[in-house]
Amino acid sequence: MAKRISIRHVAAAAGVSVATVSRALNMPDRVSPELRGRVDAAARELGYLANGAARALASRRTGAMGAVVPTLDNAIFATCMDAFQRRLDAAHGMSLLVASAGYDPALETRGLRSLLQRGVDGILLVGAAHEPETWSLLPAEMPTVITWTHHAEGCARPCIGFDNAAAAARMTRHLLELGHRRIAMIAGVARGNDRAAARIAGVRAALAEAGLGLEPPLLAERAYSVADGHAAMTALLALDPRPTAVICGNDHLAFGAVAAARARGLSVPADISVTGFDDLEFPAHGDPPLTTVHVPAAEMGRRAADHLAALAAGEVPPLPPELEAPIMLRGTTAPPPGRAAPRR
């Protein structure tokens, strides 16, 4: 549908001239906000893509790929984008356009629309949970890959990533093997974030195998920040009894959790164990270094670049295999207080 809709259709739907639509889309500062809103609404309603996207679909010669990421404020996404861009440039002679959504579905949709209107040969998305409008913007002909997940039920686009639930379950079993039974989780906000939801599901599944559960107040969903990790850990430490281990949905949350434990005079891991998810550089060199899940961000970026370039060239490449997300055992996990380490 997006290929068949022209600027004339948008003009008719908005009740303005073709020239006005062109100004509203290409020089928005030269039309009134009210008029720009009418044109934008008509374009969204019709699924119109401006000339850049039409050229990309027709010739696939723009020489650029687009990526929409939740944020660039987290080093894990920056690592992926750096690897993605380097492989596009070195192996395929292509450039990269990036839109950062700030975990805001509306901003994600606007960012995707902007990339498509400028013209790209393919799109990288993070995760498979997106608003219907986001999916409706993507023509079936547009090469697209989903990263950060390998199992995306019902997703028609190729997935390049790892199993978030399985990785979180492995970390949980590690704590169970150490002897922990009162285990809490500081997770990312699950709504609209299939990666965060999968990590919660993985922890719950592993705990259920041991006859344990994960419900509030032992489960806290927070934004991915050091401050939120600190606040959530402070609340968990006020429980009676408090948890002996806390699984965090990413390394920023874990860093804040460790700081909160220390602020209460607790030793990590002698008094409480803490784990992360990402394997960022700074907590890996902390005191103690953080036990975490290694997210293969750079490898995802490289494989996504190769897959999208092949699709844009008209090839049908095989799907990459599921990537590994191993546990990095370091210094923030130990048996609970009063329990000896298990024999290996």
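Pro-241 sits in the loop that runs between α10 (226-237) and β8 (245-248), where helices (H or I, at least four residues) and strands (E, at least two) are DSSP runs numbered from the N terminus. The peptide bond leading from Asp-240 into Pro-241 is cis, with omega near 0°. The model is a predicted one, in which local features need pLDDT of at least 70 and side-chain atom pairs count only at pLDDT 80 or more, while totals for chains, interfaces and linings use all residues. Residues are numbered from 1 along each chain as its sequence is written, and side-chain values use heavy atoms, with hydrogens and water left out.

The bond from Val-268 to Pro-269 is cis, with omega near 15°, and Pro-269 belongs to the loop between α11 (251-263) and β9.

The chain as a whole contains 13 helices and 11 strands. Taken along the principal axes, its C-alpha atoms fill a box of roughly 75 × 40 × 35 Å. Of its 344 residues, 50% count as buried; buried means under 20% relative accessible area, exposed over 50%, and partly exposed in between, with a 1.4 Å probe and protein chains only. Contact means heavy atoms within 4.5 Å. Among contacts between residues at least 6 apart in sequence, 70% join residues at least 24 apart.

Two helix pairs come next. Two packed helices are described by the angle between their axes and the distance between the axes. Here axes are lines fitted to C-alpha atoms, for helices over the stretch in contact, and angles run from 0 to 180 degrees between N-to-C directions. Helix α1 (residues 7-14) and helix α3 (residues 33-46) have axes that come within 9 Å and cross at roughly 120°. That angle makes α1 oblique to α3, since angles under 35 degrees count as roughly parallel, over 145 as roughly antiparallel, 65 to 115 as roughly perpendicular and the rest as oblique. The crossing of these two helices, α1 and α3, is right-handed; a crossing is left-handed if the near helix is turned anticlockwise from the far one by less than a right angle, and right-handed if clockwise. On the α1 side the contact is made by His-9, Val-10, Ala-13 and Ala-14, and on the α3 side by Arg-38, Val-39, Ala-42, Ala-43 and Leu-46. By class, the contact of α1 with α3 has seven nonpolar, one polar and one charged residues. In this scheme Ala, Val, Leu, Ile, Met, Phe, Trp, Tyr, Cys and Pro count as nonpolar, Asp, Glu, Lys and Arg as charged, and the others, Gly among them, as polar.

For helix α8 (residues 164-178) and helix α9 (residues 194-209), the axes come within 7 Å and cross at roughly 40°. α8 and α9 are therefore oblique to each other, and α8 passes α9 in a right-handed crossing. Residues of α8 in the contact include Ala-165, Ala-168, Thr-172 and Leu-176, and those of α9 include Ala-198, Gly-202, Val-203 and Ala-206. The residues of the contact of α8 with α9 divide into eight nonpolar, three polar and four charged.

Thr-275 is placed in strand β9 (residues 273-275). Thr-275 counts as buried because its relative accessibility is 0%. Apart from neighbours within four places in sequence, Thr-275 has contacts that include Met-171, Leu-175, Val-246, Cys-248, Leu-290 and Thr-333.

The structure holds zero disulfides, a disulfide being a pair of cysteine sulfur atoms within 2.5 Å. For Cys-80, the closest cysteine sulfur is that of Cys-159, and at 14 Å the two are too far apart for a bond.

Two loop residues other than glycine have a positive phi. Tyr-103, with phi near 60°, is in the loop between β2 (95-100) and α6 (105-118), and counts as partly exposed at 40% relative accessibility. Trp-148, with phi near 75°, is in the loop between β4 (144-147) and β5 (159-160), but counts as buried at 2% relative accessibility.

Ala-310 is in helix α13 (residues 297-312) and counts as buried at 11% relative accessibility. Beyond its neighbours within four places in sequence, Ala-310 is in contact with Glu-315 and Pro-317.
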